[in-house]
Amino acid sequence: MEATITYLEMTSPDQLVPGREVTGLTLERVERTCRDVPAVQARIGAPYGWRAARRSAEEWERKLARDPFDYYLIRNGGEIAGLLAVHPQDDGDVEIETFGLVPEFVGKGLGGHALTLCVRQAWATTPRDGGPARRVWLHTSSDDNPAALPNYRARGFRPYRTEIQGA
């Protein structure tokens with residue numbers, strides 16, 4: 001089965017179009033060693049066949065030991081609602097490597113504000129070259145939640161590349 005991968009970017013924080021504010025929705029920075037990171041990412045990705053949903057504990061340990069990512073739990077009224085993984089890169093770019101909500105929070109009207117918080121955090125992240133972020137980018141698959149691509153576009157992300165991947 002083929003999937004379309006769409007790569008999207010923002011080249012200025014002024015391009016962010018905030019979603020409708022949701023009271024009580026927050027980001028909480030956590031260490032890579034936080035046991036919630038693998039569990040939440042697996043819960044987010046399970047409905048869409050993400051590889052993260054099938055990683056063993058040992059695979060997670062190896063991945064988290066080498067990842068240069070910053071992790072944030074998305075909380076709604078204190079409950080874990082999702083995850084953000086930000087990857088500061090060497091070239092002034094910041095990648096939103098993972099953004100998603102756990103199944104019980106999907107479809108509740110949280111996605112626009114959750115993505116707004118995550119994009120603001122990505123722009124506030126210092127790339128590995130030490131300068132200010134010049135671009136925030138991410139990618140999504142046609143196998144992901146159908147609301148993902150419209151949400152990214154509504155927040156101001158612009159597609160810059162697509163590719164077709166086979167099964």
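Predicted model: local features only at pLDDT ≥ 70, side-chain atom pairs only at ≥ 80, totals over all residues.

Strand β3 covers residues 70-76, and six bridges join β2 to β3. The two strands run antiparallel. As a general point, strands in a sheet pair through backbone hydrogen bonds, parallel or antiparallel.

Next, the whole sheet. There are seven strands, and the sheet is open. Read the order across as β2-β3-β4-β5-β6-β1-β7. The pairing is mixed. Which strands are at the edges? They are β2, residues 25-30, and β7, residues 158-165. Each of these pairs on one side only. From one strand to the next, the twist averages 25°.

What lies across the strands? Helix α3, residues 111-124, lies across β1, β2, β3, β4, β5 and β6. Against β5, residues 93-101, the helix runs at about 155°.

Now zoom in on Asp70. This residue belongs to strand β3. Is Asp70 buried or exposed? Its relative accessibility is 14%; buried means under 20%, so Asp70 counts as buried.

What does the Asp70 side chain meet? It makes a polar contact with the side chain of Arg29, at 2.9 Å. Leaving aside residues up to four places away in sequence, Asp70 also touches Leu84, Ala85, Val86, Pro88 and Thr125, among others.

So, to recap Asp70: it is in β3, it is buried, and its side chain has a polar contact to Arg29.

Terms used: Residues numbered from 1 in each chain as written. Heavy atoms only, no water. Pairing = 2+ DSSP bridges. Helix = DSSP H or I, 4+ residues; strand = E, 2+ residues; numbered from the N terminus. Axes fitted to C-alpha atoms, helices over the stretch in contact; angles between N-to-C directions. Contact = heavy atoms within 4.5 Å. Buried < 20%, exposed > 50% of the residue type's maximum accessible area, 1.4 Å probe, protein only. Polar contact = N/O pair within 3.5 Å; in protein donor to acceptor, adjacent residues only side chain to side chain.
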